[in-house]
Amino acid sequence: MATKYDAKMSQENNLNLLKQMTYEKQKQEQFIQKSAYLENYNLSLFNKLFEITKELLLTKKSILEEHYN
């Protein structure tokens, strides 16, 4: 009797672990996708910041040239 119960409990535990593993794999895949999205987003923001800084420096250069010429 104890062996049938143990076998049943082992099967239930195995099923629960498989469900948990599936859930954790889904969470991991979502994390990977989110990380890739954020990396691309950060790169986009960096490029925009670089362009803004470049424009500001060109504007400053132009103003200084006008002032000293």
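Q: Where does Tyr41 lie?
A: Tyr41 sits in helix H1, which covers residues 2-68. Helices here are DSSP runs of H or I with at least four residues, strands are E runs of at least two, and both are numbered from the N terminus.

Q: Which kind of model is this, and how are residues numbered?
A: This is a predicted model, where local features need pLDDT of at least 70 and side-chain atom pairs count only at pLDDT 80 or more, while totals for chains, interfaces and linings use all residues. Residues are numbered from 1 along each chain as its sequence is written, and side-chain values use heavy atoms, with hydrogens and water left out.

Q: Thanks! How many helices and strands does the chain have?
A: The secondary structure comes to one helix and zero strands.

Q: What is the overall shape like, in numbers?
A: Along the principal axes, the C-alpha atoms fill a box of roughly 100 × 10 × 5 Å. The radius of gyration of the chain is 30 Å, whereas a compact globule of 69 residues would have one near 11 Å. That radius is taken over C-alpha atoms, and the globule rule is 2.2 Å times the number of residues to the power 0.38.

Q: And what share of the residues is buried?
A: Buried residues make up 0% of the 69 in the chain. Buried means under 20% relative accessible area, exposed means over 50%, and partly exposed is in between, using a 1.4 Å probe and protein chains only.

Q: How much accessible surface does the chain have?
A: The accessible surface is about 7,000 Å², and 61% of that belongs to carbon and sulfur atoms. Areas come from the Shrake-Rupley method with a 1.4 Å probe; for residues, only the protein chains shown count as cover.

Q: Why does Tyr41 count as partly exposed?
A: Because its relative accessibility is 43%. Tyr37, at 54% relative accessible area, is exposed.

Q: How many aromatic pairs are there?
A: The structure holds one. The rings of Tyr37 and Tyr41 have centres 6.2 Å apart and planes at 15°, so this pair is stacked. Rings of Phe, Tyr and Trp (its six-membered ring) pair if their centres lie within 6.5 Å; planes under 30 degrees apart count as stacked, over 60 as edge-to-face and the rest as tilted. Tyr37 and Tyr41 are four residues apart in helix H1, about one turn.

Q: New topic: how many salt bridges?
A: There are three, a salt bridge being a side-chain nitrogen of Lys or Arg within 4 Å of a carboxyl oxygen of Asp or Glu. Glu24 bridges to Lys27, with the closest N and O atoms 3.7 Å apart. For Lys54 and Glu51 that distance is 3.5 Å, and for Lys61 and Glu65 it is 4.0 Å.

Q: What about the exposure of Lys61 and Glu65?
A: Lys61 is partly exposed at 47% relative accessibility, and Glu65 is partly exposed at 40%.
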